[in-house]
Amino acid sequence: MAENFDSYLNGIKTIKIGDHVCSVHEVREQSISLATDFLKFGIENWEKCLYIGDEKRMSVKLEQKGVDKKYLRTRQLILVSAEMKPAERLPLLTENLELAIKEGYRCLRVAQEMLPSEETLNYEAKLNEFYKKNQALGLCQYVVELFDFDEPVIKERMSQGLSKGELLLRAVKAHPAVYEAEIGRAS
């Protein structure tokens, strides 16, 4: 078990500035755990960190991992609700990147929950360019259990033309790299 955990942590550490990585999880808890370690590593390495997802769960998980709440007060760590549409996210990333540079951080580290949709696929293409051209790195997380929630926001974002599996496959293929959470390595 310790060997798998070490491999898992080393996988997170291999994600570098300029990388745009995808991870797919069966349940949200896997996604939150990966994002927690991803963000904690960024905080420890003087990076501005942004999380777009389940703010409450992330806050609790970060506290459990020993991340001090002062990082939220100093805004080195920013938590934003996943209800933000993809079209609204890129300006948020750009704004936080500019702040990170101005404030002297090494880079901007971003983890975000994603739902497969045509809008998300367009956003993923823009993220590829964003990460290549900037002092930033990102982890896009797809959580399979979220696809079946009966919430209007989620239903609205899911495209009617393709199946959820087809959209997920297209979203995964839109990334230069895929993080295999169950295996614990980056590929």
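**Helix α3 and its surroundings**

Modeller: Arg 28, Glu 29, Ile 32, Ser 33, Ala 35, Thr 36 and Leu 39 of helix α2 are in contact (heavy atoms within 4.5 Å) with Arg 57, Met 58, Lys 61 and Leu 62 of helix α3. Sorted by class, this contact holds 5 nonpolar, 2 polar and 4 charged residues, where Ala, Val, Leu, Ile, Met, Phe, Trp, Tyr, Cys and Pro count as nonpolar, Asp, Glu, Lys and Arg as charged, and the others, Gly among them, as polar. The model is a predicted one, in which local features need pLDDT of at least 70 and side-chain atom pairs count only at pLDDT 80 or more, while totals for chains, interfaces and linings use all residues. Residues are numbered from 1 along each chain as its sequence is written, and side-chain values use heavy atoms, with hydrogens and water left out.

Helices here are DSSP runs of H or I with at least four residues, numbered from the N terminus. Helix α2 covers residues 28–44, and its axis comes within 10 Å of that of α3, the two crossing at roughly 55°; such axes are lines fitted to C-alpha atoms over the stretch in contact, with angles from 0 to 180 degrees between N-to-C directions. The two helices are therefore oblique to each other, a word for whatever remains once angles under 35 degrees are called roughly parallel, over 145 roughly antiparallel and 65 to 115 roughly perpendicular. The crossing of α2 and α3 is right-handed, in that the near helix is turned clockwise from the far one by less than a right angle.

Helix α3, residues 55–64, also supplies the largest share of the lining of the largest cavity, 3 residues. A cavity is a set of points on a 1 Å grid over the protein atoms alone where a 1.4 Å probe fits but cannot get out, and lining residues have an atom within 4 Å of a point. The search of the whole structure finds 1 cavity of 30 Å³ or more, and the largest cavity holds about 60 Å³ of space, a volume being the space filled by probe spheres set on the points. Its lining consists of Ser 59, Leu 62, Glu 63, Val 67, Asp 68, Lys 69, Leu 72 and Leu 77, which divide into 4 nonpolar, 1 polar and 3 charged residues.

Terms used:
On a 1 Å grid over the protein atoms alone, a cavity is a set of points where a 1.4 Å probe fits but cannot get out, and a pocket is an open set with protein on both sides within 12 Å along at least five of seven lines; lining residues have an atom within 4 Å of a point.
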